[in-house]
Amino acid sequence: MAGGNWTKVEEFILISFSSLPTEIQLLLFLTFLIIYLATLMGNTLIILVTLADPMLHSPMYFFLRNLSFLEIGFNLVIVPKMLGTLLAWDTTISFLGCATQMYFSFFFGVDECFLLATMAYDRYVAICSPLHYPVIMNQRTRAKLAVASWFPGFPVATVQTTWLFSFPFCGTNEVNHFFCDSPPVLRLVCADTTLFEIYAIVGTILVVMTPCLLILCSYTRIAAAILKIPSAKGKHKAFSTCSSHLLVVSLFYVSLSLTYFRPKSNNSPESKKLLSLSYTVVTPMLNPIIYSLRNNEVKNALGRTFHKALGLRNCIP
């Protein structure tokens, strides 16, 4: 590229959903704004309730609190800019801003994979070794597992983002997406990216499949342990402790797999945008709802928290 003609790109234009009529974009803006606010409120409520209620100070809710922190961060990185592009306030994003958005989307996405695997291991210990659960999952162990879940995002995001943005960009600076995801930005590069693409494919498979295999191993052992429980009531109680997590894992991995592992021939930019919405916008909103509606301990804690809040309010003169 030293002898070629290329212009240094200083900003990108996010195409987002600009091909849709203005009325549809306005409807999408209102829909995503409601989902965004619900996501922030729902996950913040999970964090506050699991911190405030002593009954929810177990390892399971410690990891759930970490998941809520992660979902809030993921949404703050992607959704506000997307809302701005839908109203055409500012469809541009600086070179550094695009790199930062991509970095944190990688960071939070990778960490969610590993955190979900850690939560599956927690359920495995709780069901398969219930008598040793408090000893195995002590405060020190859960802290180490949390750090181990959050750490992989740093090297993956750093290498992939730094490498991609070290390439020269030329021609159009229009990113055909609602955020700076790797594939649409990579299309703007005017250099040989074969090695990077191989690394990206292998890295994505390892990052997604390694936690997925850990989750499958955990739930295989959980299923075997549940089948050994003699009473139907006991089986139901054991399954109910991990059903919420299993549903969250299914939603996340199905949407992620459909987005990044479909054949290119079936992967048009518009379809990828719609699929990306599922794990960037919809799933973070559903997670606190799933854990609230399908978990009696969380529902009871929410009730106690609201009763305390109302009681305190009634005591104010």
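# Inside the cavity and around it

Visitor: Which helix gives the most to the lining of the largest cavity?

Guide: H9 does, with four residues. Helices here are DSSP runs of H or I with at least four residues, strands are E runs of at least two, and both are numbered from the N terminus.

Visitor: What kind of model am I looking at?

Guide: This is a predicted model: local features need pLDDT of at least 70, side-chain atom pairs count only at pLDDT 80 or more, and totals for chains, interfaces and linings use all residues. Residues are numbered from 1 along each chain as its sequence is written, and side-chain values use heavy atoms, with hydrogens and water left out.

Visitor: Back to cavities. How many are there of 30 Å³ or more?

Guide: Three. A cavity is a set of points on a 1 Å grid, over the protein atoms alone, where a 1.4 Å probe fits but cannot get out. Lining residues have an atom within 4 Å of a point. The largest cavity holds about 60 Å³. That volume is the space filled by probe spheres set on the points, with grid points joined across faces, edges and corners.

Visitor: Which residues line the largest one?

Guide: Met 60, Met 119, Asp 122, Arg 123, Thr 241, Cys 242, Ser 244, His 245 and Tyr 291. Helix H3 (95-128) and helix H9 (232-260) each supply at least two of the lining residues.

Visitor: How do they divide into nonpolar, polar and charged?

Guide: Four are nonpolar, three polar and two charged. Ala, Val, Leu, Ile, Met, Phe, Trp, Tyr, Cys and Pro count as nonpolar; Asp, Glu, Lys and Arg count as charged; the others, Gly among them, are polar.

Visitor: What does Asp 122 pair with?

Guide: Asp 122 forms a salt bridge with Arg 123. Their closest N and O atoms are 3.0 Å apart. A salt bridge needs a side-chain nitrogen of Lys or Arg within 4 Å of a carboxyl oxygen of Asp or Glu.

Visitor: How many salt bridges in total?

Guide: The count comes to one.

Visitor: Is Asp 122 buried or exposed?

Guide: Asp 122 counts as buried, at 2% relative accessibility. Arg 123 is buried too, at 7%. Buried means under 20% relative accessible area, exposed over 50%, and partly exposed in between, using a 1.4 Å probe and protein chains only.

Visitor: And what share of the protein is buried?

Guide: Buried residues make up 46% of the 317 residues.

Visitor: New topic. How many helices and strands are there?

Guide: There are 11 helices and three strands. Along the sequence the pattern is β-α-α-β-α-α-α-α-β-α-α-α-α-α.

Visitor: What about the surface? Which residues make the nonpolar patch?

Guide: Ile 201, Ile 205, Met 209, Leu 213, Leu 216 and Phe 261 make a patch of about 540 Å². Patch residues have over 30% relative accessible area and no salt bridge; nonpolar side chains (Val, Leu, Ile, Met, Phe, Trp, Tyr) are joined within 5 Å, like charges within 9 Å. Areas come from the Shrake-Rupley method with a 1.4 Å probe, and for residues only the protein chains shown count as cover.

Visitor: Where is Met 209?

Guide: Met 209 sits in helix H8 (residues 194-227). Met 209 is partly exposed, because its relative accessibility is 36%.

Notes: On a 1 Å grid over the protein atoms alone, a cavity is a set of points where a 1.4 Å probe fits but cannot get out, and a pocket is an open set with protein on both sides within 12 Å along at least five of seven lines; lining residues have an atom within 4 Å of a point.
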